[in-house]
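Below is a walk through the pockets of one protein model. Please keep the sequence and the 3D view open while reading.

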Amino acid sequence: MTRPDLVSNIREQCNLSRKKSEESLESILGIIKETLRSGEDVVLRKFGAFRVLNKAARGGRNPKTGEPAIITARRVVSFKKGKYLIEEINK
């Protein structure tokens, strides 16, 4: 499913205009991004949780040349699926 598909589904299910549907989706995604950027978790009960993890710097290799390279420290987003989401998918 793509972003336009989500907008269409929001439009149909909530009986909103396309513009309002796009604004709603952008607003929700913006709130999630800002919350994660600030270091807080986003927990959606019965769905799952988005968390920011800190990855330490480590050694690696350049896959093209095979030369050693350092992979810098960074923050990554992790998603842990919820119990009810797993149950719904497996029905």
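Which residues lie nearest the centre of the second largest pocket? They are L44, R45, G48, G82 and K83, out of 13 residues that line this pocket.

The model is predicted, so local features need pLDDT of at least 70 and side-chain atom pairs count only at pLDDT 80 or more, while totals for chains, interfaces and linings use all residues. Residues are numbered from 1 along each chain as its sequence is written, and side-chain values use heavy atoms, with hydrogens and water left out.

A pocket here is an open set of points, on a 1 Å grid over the protein atoms alone, where a 1.4 Å probe fits and protein lies on both sides within 12 Å along at least five of seven lines; lining residues have an atom within 4 Å of a point. Volume is the space filled by probe spheres set on the points, which are joined across faces, edges and corners.

The second largest pocket holds about 160 Å³ of space. At least two lining residues come from each of β1 (42–44), β2 (48–55), β5 (74–81) and α3 (83–89), and β2 gives the most, with three. Helices (H or I, at least four residues) and strands (E, at least two) are DSSP runs numbered from the N terminus. By class, this lining has five nonpolar, two polar and six charged residues. Ala, Val, Leu, Ile, Met, Phe, Trp, Tyr, Cys and Pro count as nonpolar, Asp, Glu, Lys and Arg as charged, and the others, Gly among them, as polar.

The largest pocket contains about 260 Å³. Its lining consists of R3, L6, I10, L25, I28, L29, I32, K33, L44, F47 and F50. Two or more of these come from each of α1 (3–14) and α2 (18–37), with α2 giving the most, five residues. Nine lining residues of the largest pocket are nonpolar, two are charged and none is polar.
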